[in-house]
Each structure stands twice: as structure tokens, then as C-alpha cells.
Amino acid sequence: MNDDRSDRRDFLKKSAALAAGTALATLDAESIGASELWARPGTAPRPGARTSAEPVRIGIIGTGGMGTEHLRAFQRLNSAGRTDVQIVALCDVCRPRLEAAGHALREAGARYDFRYFTDYRELLRDASIQGVLIAAPEHWHAAMATLAIRAGRDVYIEKPMTLRHEDALRLRDVVAAHPERIVVVGTQYVTYPSYADAKRLIAEGKIGKPVFSQTSYCRNSKDGEWLYYEIDPQWQPGVNLDWNAWTGPLGRQPWSPEVYARWRRFRKYSTGIIGDLLVHRITPLMMALDVGWPIRIVASGGHYVDKAMENHDQVNINIEFENEHTMIVAGSTANEVGLETMIRGHRANLYLGDRRLTLRPERIYAEEVEEQTFEGEDLGDPQDLLRVRWIDAIRTRGPSPSPVDLGAQVMVVVDLASRSMWDGHAYAFDPRRLKARRI
Amino acid sequence: MGTRFELVLPAADAAVGEAALAEIEYWHARLNRFAADSLVSHLNRFAAAAPVRIDAATFALLRVALDVCRASDGAFDITLGGGADALELDEPRSTVRFQSAAVRIDLGGIAKGHALEQAAALLRAHGTTQALLHGGTSSVLALGSAPSGDGWKVALGPEPDAPVVALQDRALSLSANVARDHVLDPRARSEVPARTVAVIGPDACRADAWSTALLVLGSRPAGLDVAWQTHFRGAQ
């Protein structure tokens, strides 16, 4: 009891010392009272203001294929003088992957210290880290991004932004409540100049009302998609890999090295072509069109060639938007001939390359609308450009170059198209209530 | 907020105590105008150009700040002289907009109370019924009663003869202007005489705002609700 009282007096002395000079309150010993009371002084440090001359310190969560590619890219961008980034933390639930990423970081030229983490929550406790790049599988994105934002970190989220659209809408709310955070979705084609030009022309009314658009992401392989992700015989759940942490929000699942290496092929973990590939083309097109939320979505296709893959290898989507526009989207991992990306307007049509944009009048408006071609500046690799723009935005506190608001609208398409593929129904989405329903 | 926060609560509630301290850290980071990536810096940078959507808790904080600014005739002013009309709050959209690019806000006079309120809300949500929270001993929030069953006793200053108050579900805020502090009246930009003010009332955020206002005013204004107790020492 005496020790307890002594501890309590010590606590009070600390309070009084702080109060000295400001002549403020003293907390009375008797009121703090009994031994069952508990006190803990102090607050932990948090990321604070840094000068623009200092490197931006980031952590990478998920050091598989994409995470490792990002760390190499940042080192390359540092060498080229386009970024000044230190990747001071690497996090993965798999020790061999973590150490391989550390080795890759050293090989890529990192001459600074970095730390390993197997729990992303521990990484977020490191107050020196300003930003985190989330390259874990998509079923983890919403939870990790939410915690990172609340912990005061700027965030780059790999695509797809989330696995399900409900998570995307919740994340959108979190981002809206934290306007001070720079949160970027890794759909890098938004940096292509042709889409910015298209957005401007549409906003200026140059093509009249945009009524119909199309895009695609199609590729082909002899053996099947995503099989190039190797299965490592070193992986041992419970020894050097925390499988339960990997499945996380999806609940406990039986260990499967096939799923772990190639989750994009499996329905529970991925929307396949739609979330992994088509988001790249749908996102910039929706950005350019600015036609609001999708309101009706239906998809068809199937397992036409790659019968071993659980997710589909051919997907065709029809999307209707709230501001009276329809988009068709084709995705394939069984044939590489896609659709030309274009926007059809009442007065003219836009043909979008990556840099080049061509405006051609509708026949009935040929006298009034002049055909024009816009050649955008060669800005280099779009993924590098998005990385650079994220870091620039962290420094300048400028707007996100690939915002979560747009990402949430895209995720409604991705998730509802995927549901449509699986159950054969069309889906409606109510933009006012932000609720989906099966039709 | 540049100060130490402490919580006193039953040992069984230690885990939620950690969460409450994390909540205080969270608000410290967001409301710190000296951090380039804080919410306040974001508003100071962008809220003049267009309305900025803010979360409900921050909206409520700004609402309290503007209410006290008006009720105290500008003696408490987060815009440092711009007055309550320098900010436009849009409740349906939950946005704030600054009237001009010259407007800057500093929530230093109210942030501690807000952080304590947020931490107390978290404690209450987890079933804690007894706790004493303070930031730098100048902002104090009592949840329920002390273990003795009476209010939490707090002396209004370090002097042996300082008045002692008992707080039960009440907030206390003390503001002092001693020789080295040089507190300025935001209305006249003139120095405030040396005095100490204590305000006791139902919420810590409003208590912080009023204690600053009363430090400047030197006496209790008509606009202060009768539910609030005030204590003055020094020049009046």
C-alpha cells in the first residue's frame, strides 16, 4: 500500500512539474485514491512536419511481386533524381519474401537502414514513416489503408482498391473524413495525357453529350494467366509464414501454396480479370467521362480456355451511368485482340491512345466540328509517373493524382460485374443511398 | 498540443486507456498547425479556395469555437482576429470554407479540450464510468466520481491556499497569463493583464474556449450560460 501511495505521489509530482510556471491545476492525491487505479503518462511521437529537403520515408506493406517491383522502381527513380525516397520499412507475413525484398532493396542501391516487420500495425507505430505503400492482396487493402490513414500516414494503395465495393465505400468515408491525407490508388493509366485531354474536351462540350464508350484489357498465354507467380518450396506456414494473418479478413482458410502465390485465379480472393486488369482501363475512362456513379451493371463470359482457373478468362461488361452514358468493357486472358478505347458523343467521337487523342466529328456535324489530333507529351512509364506524383503530393500536400473517390466508383463496377459473372444477374446501384441490389 | 496528457482510471480499464491515449495522439496530429500534413494545415492551405469536407467531430469543434467567439464578442478567436464570420460552416454538407485567403485558424486554445472529450467518449463507449483525464493540468475532464465516491478533487493552482474543486462529470479549464506568456487580446492586439481564470462546465472543449475568452475579458460576460462556474485570480 505504501508503495502504491508512493507511486501515486510520483505521478502527481510529474503533473505538478509540468504545471510549474503556468500556475495551473494540481490533482489532489486523495481524489486519485485507491491502489486499483492506474496511470500512464506521456504520448508517443507521431509523424510531424519535415523539411522538403529531407527524403520521404516510406514503408512497403506486402513484399511479393508488386511490392518488390515498387521498391526497385523507387530506387531507380532516386538514381534518376526524380524522387528522394527512403524505403525504411518492409512488411510481410512471409519471412522468405521479406528477406528477399530486403536483399533486392540493397541490390537496388539502398545505402540507408531499413527495418523488417511481420505485422503492419507494428510498422504503423514507427513515427518516422510518412507514407505506406500497400501491395498486400486486395482483401487486406481497406483495413490496412484505414488504419494507416488514422495513424496519420499518406497511402498508396495497389489496385484493385479493395476486394468488395462495400469496403471501397467505407474507405471512401475514411478518406473523406481525413482530407489532409494523400491517398493514391495505383491505377497508373490515369496519368496518360490522352485521358486528361479527353476530359477537357468533354467538359468543353466539344463532342456533345458522351453517350457510349468502350475499352478493354486483353492478353493471352499458352499455359494460363498468373501462373508466372512461382510457388516457393521454402514457404512453411507456422514456421516462416503466418498464413492466418495472410487470409485475415476472409477468415481461416486451409493452407494452399497455389492460392498464396496465385490468388488472382481464385474467386474468394480476387475478381480476376476485372479487378486486376480492367480497372486499369475503366478508371481513366471514367475519370475522363465524369458521368457519375454506375447505376446498372451486367456481365457475361466464362471459362472458355483456361478451365483450371476458378476466375473467368473472358469477361464482357455493360455499364450504365447515372448521367446517361453506357460503357462496354471487354477483358480476356485467352485472346489479346481488344477493343479500341473510344468515347462516342452526339457531335463527335474520341479515339484514345496512351498519348494520342483524335477527335472525329459525327457525319451529321462534319461541317461544324473540325477533326483534330492531340499529341500528348511523352511522360515515360505511367506507373513511375504515379509513384513520382504520390511523393510530390506528399511533399507539397497537393491533391491525390488518383483519388479514392474515383476508385470507389470503379470498385462498384468491379464488384458488381464480378457478382454478375458468377450469378448471371444484373445489378443496380443507387447513388443516393450508395446501395447495390440484384435485379 | 505540446503538453503531457495523463489518464487515471481503474486498472481493469488499462487497455481502453491505451486506446484513449491513442485517440489523444490522433487529435494532436490532426489539429497541430505546425505540422505541414495536419488537418489544420490542410484547411489553412485549401479552405479559402473551396469548401473542404470535414468529419463530424471536427465540424462540431469548429461550431463550438465559432459559438464562443460570437458569445465572447471575439475574445476567443481561432482565426486570430478574423472573427466568427471568417469561417462558413455548411452543416448538411459538413464543409468549412474560409472567407478569404488571408484567414488562418489556430485551434491551440481548444484542441486539448476536444482531445479529452474524444478520449472520454471512447472510454464511455467501452464501459468506463470513472476516470480523470488531463492535458498539461490546464484542461481536466472528470468522468464519474473518484474512488471515494465524491468528485475528483483538483486544486486550482500549485499554491497551498489554492481553491479546491470537486469534479464529477465536469470539465475544468484553466488559463493563465503570467509575465512570460504575453497573451494578446485578439480584438485589440493588446496585451492581457496577468490573471488566472478557471472555468468549470459540462464539456471540456467549450471550457477551454471560455477560459481563454475570460482570460481576455477579465470578467464573466452575459453570454456565458449559468451552468458554468468561473473563478478569477489576479487583475480584473
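Reader: Among the elements of chain B, which has the lowest mean pLDDT?

Author: The mean pLDDT of chain B is 90, and 94% of its residues reach 70 or more. Among the elements of the chain, strand β4 (residues 95–98) of chain B has the highest mean, 98. Where pLDDT is low, the predicted coordinates should not be read in detail. The lowest mean, 70, belongs to strand β11 (residues 190–191) of chain B.

Reader: Why can chain B be called as compact as a globular protein of its length?

Author: Chain B has 5 helices and 13 strands. For its 236 residues the globule rule gives 18 Å, and the chain is as compact as a globular protein of that length because its radius of gyration is close to this value, at 18 Å.

Reader: What percentage of the residues of chain B count as buried?

Author: The C-alpha trace of chain B spans about 55 × 40 × 30 Å along its principal axes. Among contacts in chain B between residues at least 6 apart in sequence, 61% join residues at least 24 apart. Of the 236 residues, the share that counts as buried is 50%.

Reader: Which residue in the turn between β5(B) and β6(B) has a positive phi?

Author: Strand β5(B) is joined by 5 bridges to strand β6 (residues 139–143) of chain B, and the two run antiparallel. Within this pair, B:L133 stands opposite B:L141. The strands form a hairpin with 3 residues between them, and the turn residue with a positive phi, about 60°, is B:G136.

Reader: What is the bridge partner of B:E6 in β5(B)?

Author: Strand β1 (residues 5–10) of chain B pairs with β5(B) in the antiparallel sense over 4 bridges. In β5(B), the partner of B:E6 is B:H134.

Reader: Which residues touch the most other members of the largest nonpolar core?

Author: A:I134 touches residues including A:M144, A:V155 and A:I157, besides A:I61. Apart from this core lies another, of 74 residues, among them B:V40 and B:A111. In the largest core, of 96 residues, those touching the most other members are A:I61 and A:I134.

Note on methods. Residues are numbered from 1 along each chain as its sequence is written. Chains are lettered from A and ligands numbered from 1 in the order in which they are written. This is a predicted model: local features need pLDDT of at least 70, side-chain atom pairs count only at pLDDT 80 or more; totals for chains, interfaces and linings use all residues. pLDDT is the predictor's confidence in each residue, from 0 to 100. A nonpolar core is a set of buried Ala, Val, Leu, Ile, Met, Phe, Trp, Tyr and Cys residues joined through C-beta atoms within 7 Å. A residue is buried if 20 or more other C-beta atoms lie within 10 Å of its own, exposed if 12 or fewer, and partly exposed in between; C-beta atoms are placed from the backbone. Two residues are in contact if their C-beta atoms, placed from the backbone, lie within 7 Å. Two strands pair if DSSP finds at least two bridges between them. The radius of gyration is taken over C-alpha atoms; the globule rule is 2.2 Å times the number of residues to the power 0.38. Lists of a residue's contacts leave out its neighbours within four places in sequence.
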